[in-house]
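Biologist: I would like to learn how to read a protein model one feature at a time. Could we begin with a helix, then turn to pockets and single residues?

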Amino acid sequence: MQHTYSATIAWTGNRGSGTSSYRAYDRTWDIAVPGKAVIHCSNDPLLGGDSGKMNPEDLLLSSLSACHMLWYLHLASEAGITVLAYQDSPQGTGEVLKGGAGRFLSATLQPLITVPPDTDLALALALHDRIHEVCFIARSVNFPVSYVPTFIHP
């Protein structure tokens, strides 16, 4: 079964003279998906972007983390593991080469997961091992993704 996704990406950085020179325009754009809030984006601040706006790297890392989280919640519910709270602080490592080309080298997900005191933590941990087999985003990236979960069980 195939799925189709669509969005409209509209550059918003024309200061009046377009791309007449390298410094004549802003690296900003909007992401619009029908029926959803518009996301205002910018280039990575290391490349002259606006640090107050999402950049492609932020969006990729966030998508990877969200996909992992959603699959974890699904697998936990199937396994009888009750998740009370889930928060992640993913870290991505990238490189930019001399010519300007860049890429992610790796990503580490660091979920903080709250579960009831009687939870089988070995099973709760093992569920993470299955996610890369099914997560749409993780299966689509060409860099290693690891995870270091922490469980809180009051």
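This is a predicted model: local features need pLDDT of at least 70, side-chain atom pairs count only at pLDDT 80 or more; totals for chains, interfaces and linings use all residues.

Modeller: Let us start with a term: a polar contact is a pair of N or O atoms within 3.5 Å.

Biologist: Which residues of helix H2 are buried?

Modeller: The general idea is that an α-helix has 3.6 residues a turn, so residues three or four places apart point the same way. In helix H2, which runs over residues 121–131, the buried residues are Ala124, Leu127, His128 and Ile131. Because these residues cover an arc of only 105° around the axis, they are on the same side of H2. Ala122 and Asp129, on the other side of H2, are exposed.

Biologist: What covers the buried residues of H2?

Modeller: The cover includes helix H1 (56–79) together with strand S4 (85–87), strand S7 (112–114), strand S8 (145–147) and strand S9 (150–152).

Biologist: Now to pockets: what is the volume of the largest pocket, and which residues are closest to its centre?

Modeller: In general, rolling a probe the size of a water molecule over the atoms shows where empty space is left. Here the largest pocket has a volume of about 660 Å³. It is lined by 18 residues, and Tyr5, Lys36, Ser63, Phe136 and Ile137 are the closest to its centre. Helix H1 provides the largest share of this lining, namely seven residues, and by kind the lining of the largest pocket consists of 14 nonpolar residues, three polar and one charged.

Biologist: Where does Phe136 lie, and which residues does Phe136 touch?

Modeller: Phe136 lies in the loop between H2 and S8. Not counting residues up to four places away in sequence, Phe136 touches Tyr5, Cys67 and Trp71. Although Phe136 and Leu64 are 72 residues apart along the chain, their C-alpha atoms are separated by 8.6 Å.

Biologist: How do the residues lining the second largest pocket divide into nonpolar, polar and charged?

Modeller: The lining of the second largest pocket has seven nonpolar, five polar and five charged residues. Its volume is about 380 Å³, and of the 17 residues that line the second largest pocket, Asp44, Glu57, Gly94, Arg103 and Phe104 lie nearest its centre. The elements that give two or more residues to this lining are H1, strand S5 (91–96) and strand S6 (102–109), with the largest share, five residues, coming from S5.

Biologist: Is Asn55 buried or exposed?

Modeller: The step to remember is that a residue is called buried under 20% relative accessible area. Asn55 has 4% relative accessibility and therefore counts as buried. Asn55 is found in the loop between strand S3 (39–42) and H1, where a polar atom of its side chain lies 2.9 Å from the backbone nitrogen of Glu57. Leaving out residues up to four places away in sequence, Asn55 touches Ser42, Asn43, Asp44 and Pro45.

Biologist: With which side chain does the side chain of Thr28 make a polar contact?

Modeller: The side chain of Thr28 makes a polar contact with the side chain of Thr12, at 2.9 Å, and a polar atom of the Thr28 side chain also lies 3.4 Å from the backbone nitrogen of Gly13. Thr28 has its place in strand S2, residues 28–32, and, because its relative accessible area is 9%, Thr28 is buried. Setting aside neighbours within four places in sequence, Thr28 is in contact with Trp11, Thr12, Gly13, Cys41, Ser42 and Lys53.

Terms used. Residues are numbered from 1 along each chain as its sequence is written. Side-chain values use heavy atoms; hydrogens and water are left out. Buried means under 20% relative accessible area, exposed over 50%, partly exposed in between (1.4 Å probe, protein chains only). Helices (H or I, at least four residues) and strands (E, at least two) are DSSP runs, numbered from the N terminus. The arc is that of the directions from the helix axis to the C-beta atoms. Contact means heavy atoms within 4.5 Å. On a 1 Å grid over the protein atoms alone, a cavity is a set of points where a 1.4 Å probe fits but cannot get out, and a pocket is an open set with protein on both sides within 12 Å along at least five of seven lines; lining residues have an atom within 4 Å of a point. Grid points are joined across faces, edges and corners, and a volume is the space filled by probe spheres set on the points. Ala, Val, Leu, Ile, Met, Phe, Trp, Tyr, Cys and Pro count as nonpolar, Asp, Glu, Lys and Arg as charged, and the others, Gly among them, as polar. A polar contact is a pair of N or O atoms within 3.5 Å; within protein, one must be able to donate a hydrogen and the other to accept it, and residues adjacent in sequence count only if both atoms are side-chain atoms.
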